[in-house]
Amino acid sequence: MYQSRFIFHVIAGLPSHHSATIAELHDGTLMAAWYSCSYETAPDSAIYFSTLKKGSDSWATPRLIEDTSGISNGNPVLFIDKEGRARCFYVSLYGDS
């Protein structure tokens with residue numbers, strides 16, 4: 001059975017959150033990733049992720065997984081390969097946005 005719940009309520013200093021992606025690991029854990037920033041295409045845009053263990057009622061505290069100084073990182077896509085390894089693909093915007 002699926003249930004709706006928030007992954008987080010606030011990430012301090014980053015009011016904008018976009019392009020969420022979700023994948024299920026082989027053990028039933030859900031993994032989500034998104035980008036957070038002060039505004040879309042901002043140079044402070046960074047990739048965050050969290051997990052929800054199978055049977056748990058709450059998501060883990062979001063963790064920063066990519067923050068290239070001065071570069072806008074966004075649009076993450078999660079992919080789980082046949083061996084169960086999680087991959088996160090994303091874009092980086094260089095120069096004026």
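**Ground rules.** I am working with a predicted model, in which local features need pLDDT of at least 70 and side-chain atom pairs count only at pLDDT 80 or more, while totals for chains, interfaces and linings use all residues. I number residues from 1 along each chain as its sequence is written, and I take side-chain values over heavy atoms, with hydrogens and water left out.

**Fold.** I looked up the secondary structure, taking helices (H or I, at least four residues) and strands (E, at least two) as DSSP runs numbered from the N terminus. I found zero helices and six strands in the protein chain, so that from the N terminus on the order reads β-β-β-β-β-β. The radius of gyration is 14 Å, close to the 13 Å of the globule rule for 97 residues, so the chain is as compact as a globular protein of that length; the radius is taken over C-alpha atoms, and the rule is 2.2 Å times the number of residues to the power 0.38. Along the principal axes, I note that the C-alpha atoms fill a box of roughly 45 × 30 × 15 Å.

Of the 97 residues, 35% count as buried, where buried means under 20% relative accessible area, exposed over 50%, and partly exposed in between (1.4 Å probe, protein chains only).

**Aromatic residues.** I then turned to rings of Phe, Tyr and Trp (its six-membered ring), which pair if their centres lie within 6.5 Å, with planes under 30 degrees apart counted as stacked, over 60 as edge-to-face and the rest as tilted. The structure holds two aromatic pairs. In one of them, Phe8 and Trp34 are stacked at 5.0 Å centre to centre, with 20° between the planes; this pair links distant parts of the chain, since Phe8 sits in the segment before strand 1 (16-24) and Trp34 in strand 2 (residues 30-37), 26 residues apart. Phe8 counts as buried at 18% relative accessibility, and Trp34 does at 4%. I also recorded Trp34 with Tyr48, a stacked pair at 6.5 Å centre to centre and 15° between the planes. Because Trp34 lies in strand 2 and Tyr48 in strand 3 (residues 46-52), this pair ties together parts that are 14 residues apart in sequence.
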